[in-house]
Amino acid sequence: MIAAIVEARCTGCNACVGACPTRVLEPAAKVPLIARLDACQTCYLCELACEADAIWVAPGEDDATAPAEPVLLASGQLGQVRRDHGWNAPLDGGQLDDYRLLGPLLREGSEIAARRYAAGRTSEAR
Amino acid sequence: MIASSFLRADVLVVGGGMAAAWAAIGAARQGVSVIVIDKGAMGTSGVTATGGPGHWWVPPDRAAREAAIARQMDKAQGLAERAWMERILDLTWRHLPEIAPFYPFGSNGAGGPYVQGVRGPEYMRALRKLAIAHGVTILDHHPAIELLRDEDGRIAGVHAVALASGDVIEIRSGATILATGGCAFRSGLIGSHTQTGDGYLMAAEAGASLSGMEFSISYSLSPAWASTRTLPYFAARFFDEAGRELDIPPPDAGHSHLQALGRAMLEGPVLADLSDAPPVLEGLLRRIQPLTAAAFDRRGIDLFRQRFAVRLYGEGTIRGTGGIRIVDRDCRTEVPGLFAAGDAATRELVAGASSGGGAVNSAWALSSGLIAGEAAAGEAIIGRQRPAAVRGLGRAGFHPRRGTRAIDRAGAISTVRDRVLSYDRAFWRTRETLESAGHDLESVWTEVADHASGEGRDLVELREIAAMAATARWCNAAALARDETRGLAVRADRPDKDGALGHRLLARGLSQVEVIAEAPVQPREPQPVAA
Ligand SMILES: Cc1cc2nc3c(=O)[nH]c(=O)nc-3n(C[C@H](O)[C@H](O)[C@H](O)COP(=O)(O)OP(=O)(O)OC[C@H]3O[C@@H](n4cnc5c(N)ncnc54)[C@H](O)[C@@H]3O)c2cc1C
């Protein structure tokens, strides 16, 4: 769940308010208000919308506890998913150059599980 | 229902995922005015935005397409149609590249762009921009709550709620497309919070039937604390809390994989161990699925070295197959003026009894969107000279059959979720368990239909509960009627396929749910006539 909007970084642009698919946030004078936490689906898309890297989503779907602000600021996690996505990179920035490997890696995982299972079956039968 | 503002468009698209976007683009290209209304925000809402749809993608080579279609027909077990498969392969191939001005296509490793698989947030951002470039008007945070019908029996728009103010807005349209997604019954499945089956409910109130609702046993594995995308987990080994390895058939085993995991999870926590995952995955995960990596980083878990608790998240009709019945090649529903696309529509035409997930669903969402958009634009011209008087078709939440009183909302949702999705019921369906679930679902429906009443944002919530309850009843009734095992519809007490049930099942009705057989699907090839 969304757990923190770091005041020191928030510019009050309210982009996150508009982006949230479940309307968790309400615009406010400066930092948007986390008004309907129970609707949060832990999708992290507010973080992608935040140009100021001010938002931190806690990983649990029922957990909105955040580390203290100085810890968060030092964690390197603010803005991490935006950087990993290459969200603001130019269209030819190569940010999706490994994406074609998704399908092959998924199939490889399935095959590893299938081979392991078949091997387990034969060793049991012996 | 008194609306405080009015809008008009030739074509109205309800929804904000990939099907809605392609429908809006398809309609706008015909030169008509288009409004999109989304419960969430087009770009971030829906399972497309949090996913990464790999489309069914086969080059226009006759032999390659034939082979792909033959494989898919086989999986579909008699309930799909070859002509639809040909169409969606063709449309997907021709149109997906059109997002290029707004989408950062990566390399295909051979000097060209990799097109078939697209990352959700970037894809929906691109589709939103493409729709705007075509002049589409987008209203975010405006869920539709009911359809409107004119005196001639044609759908003439919707009532929606502006979530920011709680005001009702009336939108009149020449033709209306439902692209509201599937229903995951608030299972926690990634990106599915807004998919509560609202489109199914609205269509059924107008007289449409639902098809393929029994094909809803679909789940995805994720950490117990939140649903993520699933790339890293395919090679997982599984352990119980005492560290004993569990005997789980591999993911390819389908239903028996789910059954074994479900049985273990009913007994206690199940831990996944990814030490067998493809070695290169560790270095690539963050570049392919950054949000999956974040779900572990932020708990301080090294997912490739530490075991972690997992559970199964129900996907309902999202990677199941059912939805609003389509009656012609333009994605019309049984209701005049109403079209359906994407997960809101049945995907049996291309998936049959199998899951639409994993390629066919997104090709269907793109294609059915474009098809419906174009056909709706053609009809919208008729809609310009429509009768002025319209009537709202919403019942549950609007007009309680008995006295208004507060209903137990959380209780209703949890009963619905349990009766459709709990592992014991879903993985071991029998006549007996389905009948008992049906009984409980009737009680929830009766409570909601008899007593729920609200306005504005509160009404939106009540409609979501009504839609989930109605969807659960159709899924359950269809599962009972499919007295056999076929594809995703597995019955523990009927392990075999019944040759007499090689047809689609239509579920319909709200006060009374009934399930009827659709006329059998055309045979694949014309049968030679005996001389
Ligand atoms: C994790 C995951 C991975 C997947 N991977 C693949 C894959 O690799 N390949 C594949 O083919 N398929 C895949 N699928 C399926 C595929 O993502 C869907 O079939 C497709 O995205 C459906 O698009 P849609 O537009 O119909 O629905 P969605 O994207 O879910 O959009 C539905 C929209 O309707 C809106 N809405 C709902 N109710 C209302 C209302 N009352 N008023 C207004 N708007 C409303 C919602 O806000 C949302 O914007 C996957 C699904 C999941 C969950």
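How much area do chain B and chain A bury between them? About 5,000 Å², with 60% of it on carbon and sulfur atoms. By buried area I mean the accessible area, with a 1.4 Å probe, that two parts lose on being put together, summed over both.

Quick housekeeping. This is a predicted model, where local features need pLDDT of at least 70 and side-chain atom pairs count only at pLDDT 80 or more, while totals for chains, interfaces and linings use all residues. Residues are numbered from 1 along each chain as its sequence is written, chains are lettered from A and ligands numbered from 1 in the order in which they are written, and side-chain values use heavy atoms, leaving out hydrogens and water.

OK, back to the two chains. On the chain B side 66 residues are in contact with 47 residues of chain A, contact being heavy atoms within 4.5 Å. In chain B, the residues losing the most area to chain A are B:Arg287, B:Leu291 and B:Arg298, together 15% of what that side buries.

The rule finds five salt bridges across the interface of chain B and chain A; that's a side-chain nitrogen of Lys or Arg within 4 Å of a carboxyl oxygen of Asp or Glu. Have a look at A:Asp84 and B:Arg286, whose side chains meet in a salt bridge at 3.3 Å, N to O. There are also 23 residue pairs in polar contact between chain B and chain A, both at pLDDT 80 or more. A polar contact here is a pair of N or O atoms within 3.5 Å; within protein, one must be able to donate a hydrogen and the other to accept it, and residues adjacent in sequence count only if both atoms are side-chain atoms.

Which elements of chain B give two or more residues to the side that touches chain A? Among them are helix H5 (120–133), helix H8 (281–288), helix H9 (290–297) and strand E13 (308–314). Helices are DSSP runs of H or I with at least four residues, strands are E runs of at least two, and both are numbered from the N terminus.

Let's go inside chain B. It is divided into domain 1 (5–216 + 317–392), domain 2 (220–312) and domain 3 (409–496), with bounds from an automatic or database domain assignment. The centres of domain 1 and domain 3 of chain B, taken over C-alpha atoms, are 24 Å apart. Those two domains of chain B bury about 2,600 Å² between them, 67% of it on carbon and sulfur atoms. In domain 1 of chain B, B:Phe185, B:Leu201 and B:Glu214 lose the most area to domain 3, together 30% of what that side buries.

Four salt bridges turn up across that domain 1–domain 3 interface of chain B. The side chains of B:Lys39 and B:Glu464 meet in a salt bridge at 2.8 Å, N to O. On the domain 1 side of chain B that touches domain 3, H6(B) gives the largest share, six residues.

Last, some local bits. B:Arg186, in the loop between strand E8 (167–178) and H6 of chain B, has a positive phi near 50° without being a glycine. Is B:Arg186 buried or exposed? Its relative accessibility is 18%, so it counts as buried; buried is under 20% relative accessible area, exposed over 50%, partly exposed in between, with a 1.4 Å probe and protein chains only. A:Arg23 also has a positive phi, of about 50°, and at 8% relative accessibility A:Arg23 counts as buried. And in helix H1 (residues 18–28) of chain B, 11 of its 11 residues are buried, including B:Trp22.
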